Amino acid sequence: MKKLGKIVEVGFGKNKDTEFLYFGLHLKIVCNNDVFTVSRGTWNFNSSDEFLDYLDDTLIDAKVHYVSELVDVPVEITVDDRLTDVLLDWRILKEVL
């Protein structure tokens, strides 16, 4: 099931847990009254370069230059039809920017 929402909080940095050393992008997305979190970092990708390409694509899609500018950007999320609190995927709504 698809839902519309917006990014309300953005973080970029290293994980505080020293057991899992990675850096990444952390988003909080609100759709109606539901809150979803997205964390994408170097542990999701084979290399740091691959993650930086992902981050660059995200900023280009949102038409911004800084991670902090992602706040209030409209998004579409896909949730599991049976478990609506499970986020499967998300994308920036480029067509409305």
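Predicted model: local features only at pLDDT ≥ 70, side-chain atom pairs only at ≥ 80, totals over all residues.
**Sheet and helix**

An open sheet is built from five strands, arranged as E3-E2-E1-E4-E5 with antiparallel pairing. Strand E3 (34-41) and E5 form its edges, each pairing on one side only. On average, neighbouring strands of this sheet are turned by 35 degrees against each other, direction ignored. Helix H1 packs on the sheet and touches E1, E2, E3 and E5. The direction of H1 makes about 35 degrees with that of E2. The residue ranges of the helix and of two of the strands it touches are listed below.

| Element | Residues |
|---|---|
| Helix H1 | 48-62 |
| Strand E1 | 2-14 |
| Strand E2 | 23-31 |

**Strands E4 and E5**

E4 and E5 pair in the antiparallel sense, and five bridges connect them. Within this part of the sheet, glutamate 76 stands opposite arginine 91 in E5.

**Aspartate 80**

The loop between strand E4 (74-79) and strand E5 (87-92) contains aspartate 80. Is this residue, aspartate 80, buried or exposed? Its relative accessible area is 13%, and aspartate 80 therefore counts as buried, the limit being under 20%. The side chain of aspartate 80 reaches the backbone nitrogen of arginine 82 at 2.7 Å. When residues up to four places away in sequence are not counted, aspartate 80 touches Val86 and Leu88.

Methods: Residues numbered from 1 in each chain as written. Heavy atoms only, no water. Helix = DSSP H or I, 4+ residues; strand = E, 2+ residues; numbered from the N terminus. Buried < 20%, exposed > 50% of the residue type's maximum accessible area, 1.4 Å probe, protein only. Polar contact = N/O pair within 3.5 Å; in protein donor to acceptor, adjacent residues only side chain to side chain. Contact = heavy atoms within 4.5 Å. Pairing = 2+ DSSP bridges. Axes fitted to C-alpha atoms, helices over the stretch in contact; angles between N-to-C directions.
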